[in-house]
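Subject: Structure for you to look at

Hello,

Here is the structure I said I would pass on. Please open it and keep it beside you while you read the notes below.

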Amino acid sequence: MKTKIYFIVAFVLLCLSCNEDTLGINVTGELTGTVLRDDTEEPLENVKISTNPASSTVFTDVDGNFTLENILVDDYAVQAELDGFSTSFESVSITEGNTSSVAFKLEVSSTENTQPTKPLLVLPEDGQEDLGTSVEFRWESMDTDDDEITYTLELRSGNNSDIRNIEVVADTLVTIDNLLLSQTYFWQVSADDGNNDEVTSNISSFKTLNSPGNSVYFVKKVGSNNVIFSGDINLDSDSSEETIDFNLFQVTSDAVNSFRPKKNDNARKLAFLRTVGGLTHLFISDLSGANEFQVTTTTSVAGFRQDELNYTWSEDGSKLFFANFDKLYSINIDGTGAGEDPIFTTTDGSFISEIASADFQPNILLLKTNNTQGYDVNLFTYNLETQTIIDTILDDPMGAVGSIDISANGDRILYSYDTNGDENNQYRIFASRLFEYNAITNTTVMVDAEPTPGFNDVYGSYTPNEAGIIFTRISNDADAIPAIYLLQSTSMTNRTDIIFNGGIHPDYE
């Protein structure tokens, strides 16, 4: 009996030792770096190198070099500290099996006057997680000479996609808004009394919360760039203040121009367009905006006017369809499978400006083409399998057409049309309204979205249950501020509510 027990124990231990998912295996990488003197670029020896989160502490050698081996995969702030020099830090990402590197140039500190005390970081606490995108920062410092201290808060995300320097005079409190979701942030405060070199705090870190599960993504102008935000719909509230801009979060950095967000529930990813070196390319990210990846590289998204360009997901979330002038392409979301040959080319050289897909009809695309001025529109459905046009909805109407969408079954088609019928060199739209085409009855009706005279209804798309429409309403005056509305239809009446201020390109999934 004892023999059997020993055999069973040995067998269990053997199984545990052979398990490929053995707990406790740490995934690591390596960090190397160099520290130089800023004014002479001579290497600095015995510089203390430390990280946040904490790992090993090392010192530079006679050539100013250092190495940290077997560091756990994560985002780190690396600090270089040496008496007589100003402390400096850089952020770096450690990836599995790879060697990352950083470089420092330290400035000589002045010792002519009494320095302020080294700032002590109070809030947020080091290592705190699940913070919102608006964070209050507090620290403590003093100057024995009673000089007025100017503080500089340096804040950067772990992948350097969001770097900010905020100057605060004679105060130790500041609130920073519009942080990115699902990010590790590092922050440090320097104190300057105007008579001495800056004194710099240690580094502290915190993490913002992951995606809040919002159902709507859209674009707002921040400075000179388009920035993607997410929000939710709260029409049950009795207060308009709780209904508009509900649960609003910034998704992409305002340092880059990002627009046309489109969520895919099957892929659990967000796709969007971004300006890169003067060209427009497709990107995807997590729903929080983290882990951005550029999908298109050799062939950009191009056509008539950047703000009129559009693309679409395949239903299963495995690929994206986009156009480059008169050619339609598909590309896998990992950037492969694009090929050099387009899957469709217009016969007259007209541009393919917009694309939409039918969820339950994976071979059907809705395409909108136009000339170089945006007019001479052709709106039609196209069968990818047979490479044939199925149905033509519009053929060269007078005026601007845009913001197309197609129902899951492919039997209803939504678009906007300038009922003024004007065609001008500025592509100015005067009275755009939403229209719906029924592919079963071949009839078209104007959507009763309670339009406002002098305003345009554009960028419309169906809600998830296809009982409503989300769209942008904007005055046809120059420099007007847009807003996003939700039209909910019932058997008895329609109800149109404003849900986001200053927004365009809404996507409701």
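Is Arg138 buried, partly exposed or exposed? Arg138 counts as partly exposed because its relative accessibility is 34%. The scale is as follows: buried means under 20% relative accessible area, exposed means over 50%, and partly exposed lies in between (1.4 Å probe, protein chains only).

Some notes on the source. This is a predicted model, in which local features need pLDDT of at least 70 and side-chain atom pairs count only at pLDDT 80 or more, while totals for chains, interfaces and linings use all residues. Residues are numbered from 1 along each chain as its sequence is written, and side-chain values use heavy atoms, with hydrogens and water left out.

Overall picture

The protein has 509 residues, and 49% of them count as buried. Its C-alpha atoms fill a box of roughly 80 × 80 × 50 Å, taken along the principal axes. The secondary structure comes to two helices and 40 strands. Helices (H or I, at least four residues) and strands (E, at least two) are DSSP runs, numbered from the N terminus.

Salt bridges

Side chains of opposite charge can pair when their charged atoms come close. A salt bridge here is a side-chain nitrogen of Lys or Arg within 4 Å of a carboxyl oxygen of Asp or Glu. The structure holds 16 of these salt bridges.

Arg138 takes part in one of them, with Glu136, at 2.8 Å from N to O. Glu136 is also partly exposed, at 35% relative accessibility.

Asp326 and Lys327 form another salt bridge, with the closest N and O atoms 3.2 Å apart. In this pair Asp326 is buried, with a relative accessible area of 18%, whereas Lys327 is partly exposed at 27%.

A further salt bridge joins Lys368 and Glu354, whose closest N and O atoms are 3.6 Å apart. This pair links distant parts of the chain: Lys368 belongs to strand β29 (residues 361-370) and Glu354 to strand β28 (residues 351-358), 14 residues apart. Lys368 is buried, with a relative accessible area of 1%, and Glu354 is buried at 0%. Elsewhere, salt bridges that share partners join Glu90, Glu154 and Arg156 into one network.

Aromatic rings

A pair of aromatic rings is described by the distance of the centres and the angle of the planes. Rings of Phe, Tyr and Trp (its six-membered ring) pair if their centres lie within 6.5 Å; planes under 30 degrees apart count as stacked, over 60 as edge-to-face and the rest as tilted. There are 16 aromatic pairs in the structure.

Phe218 and Phe229 make a stacked pair, 6.3 Å centre to centre with 25° between the planes. Phe218 lies in strand β17 (residues 216-222) and Phe229 in strand β18 (residues 225-231), eleven residues apart. Phe218 counts as buried at 0% relative accessibility, and Phe229 counts as buried at 5%.

Phe344 and Tyr382 make a tilted pair, 4.7 Å centre to centre with 50° between the planes. Phe344 is in strand β27 (residues 344-345) and Tyr382 in strand β30 (residues 378-383), 38 residues apart. Both are buried: Phe344 has 15% relative accessibility and Tyr382 has a relative accessible area of 4%.

Phe137, Tyr185, Trp187 and Phe206 form one aromatic cluster.

Charges can also sit over rings, which here requires NZ of Lys or CZ of Arg within 6 Å of the ring centre and within 35 degrees of the ring normal. The charged end of Arg156 sits over the ring of Phe89, 5.1 Å from its centre. Arg274 lies over the face of Phe283, at 5.0 Å from the ring centre.

One sheet

Strands of a sheet pair through backbone hydrogen bonds, either parallel or antiparallel. Two strands pair if DSSP finds at least two bridges between them. An open sheet of four strands runs in the order β24-β25-β26-β27, with antiparallel pairing. Why is one side of β24 and of β27 left without a neighbour in the sheet? Strands β24 (312-313) and β27 stand at the edges, each with a single partner strand, so one side of each has no neighbour there. Strand β25 (residues 319-324) pairs with strand β26 (residues 327-332) over six bridges, and Leu320 has Ile331 in β26 as its bridge partner.

Regards
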